[in-house]
Amino acid sequence: MKFGFDIDDTLINLRQHAFHLYNEKLNENKSIEQFHAIQTVEIHEIFGLNQEQGNAMWTRLMPAIYFTDCPPFEGALTLLNELNDKGHDVFYITSRPKKYCVQTKDWMMAAGFPVADGHFFCGMQDDEKIMTIRDLALDYYFDDKPAVLETLGNTKTAVYIVDQSYNKQVEGQRITSWSDFHKSLKI
Ligand SMILES: [Mg+2]
């Protein structure tokens, strides 16, 4: 079987990691409850930043957000390694900026994710992911972002939404725990 995964906020807890970095850099002390209440993909608003300031902050902190110690979600590493060990294809499809793609692939491998040659796709726009998903003829695809999920309605691929505060309005099969999904998956 062919399994495709988005990375940020699908396999790794990137927004929360960024939230902690924002607290640190802005000398703030916003609580994790405030973080969980954010209804947008972007996290800048609770720090009193407007869109432009928020974008600038994210861009400035990108290397730290991407390449420090962002934790994988519980159960994600075990699932992907088992899929790989059992001979399934594990693909990554991320819209991280092109200039960070090589380092992202290296970071994923260092974090313990199985990354086979030719199985890492990076640097496309959100609405371009569908082309890769179709070209690969994936059996399964997993993502958190409404802007991506909304483009995947007419694929043969089984699409799963990784549950987040900002995607509750998207209809479809939902994953709240990789461990639970792992147990339910007959592979
Ligand atoms: Mg994502």
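1. Among contacts in the protein chain between residues at least 6 apart in sequence, 61% join residues at least 24 apart, two residues being in contact if their C-beta atoms, placed from the backbone, lie within 7 Å.

2. This is a predicted model, in which local features need pLDDT of at least 70 and side-chain atom pairs count only at pLDDT 80 or more, while totals for chains, interfaces and linings use all residues. Residues are numbered from 1 along each chain as its sequence is written.

3. The protein chain has eight helices and six strands, taken as DSSP runs (helices H or I, at least four residues; strands E, at least two) and numbered from the N terminus. In sequence order they follow the pattern β-α-α-α-α-β-α-β-α-β-α-β-β-α.

4. The radius of gyration, taken over C-alpha atoms, is judged against a globule rule of 2.2 Å times the number of residues to the power 0.38. For 187 residues a compact globule would be near 16 Å, and the protein chain has 16 Å, so the two agree. The C-alpha trace spans about 45 × 35 × 30 Å along its principal axes.

5. Of the 187 residues, 27% count as buried, which requires 20 or more other C-beta atoms within 10 Å of the residue's own; exposed means 12 or fewer, and partly exposed lies in between, with C-beta atoms placed from the backbone.

6. Leu-136 sits in the loop between α6 (129–135) and β4 (140–143), and it counts as partly exposed because it has 17 C-beta neighbours inside 10 Å. Leaving aside residues up to four places away in sequence, Leu-136 touches Lys-2, Gly-4 and Phe-91. Leu-136 and Lys-2 are 134 residues apart in sequence, yet 8.1 Å apart in space, C-alpha to C-alpha.
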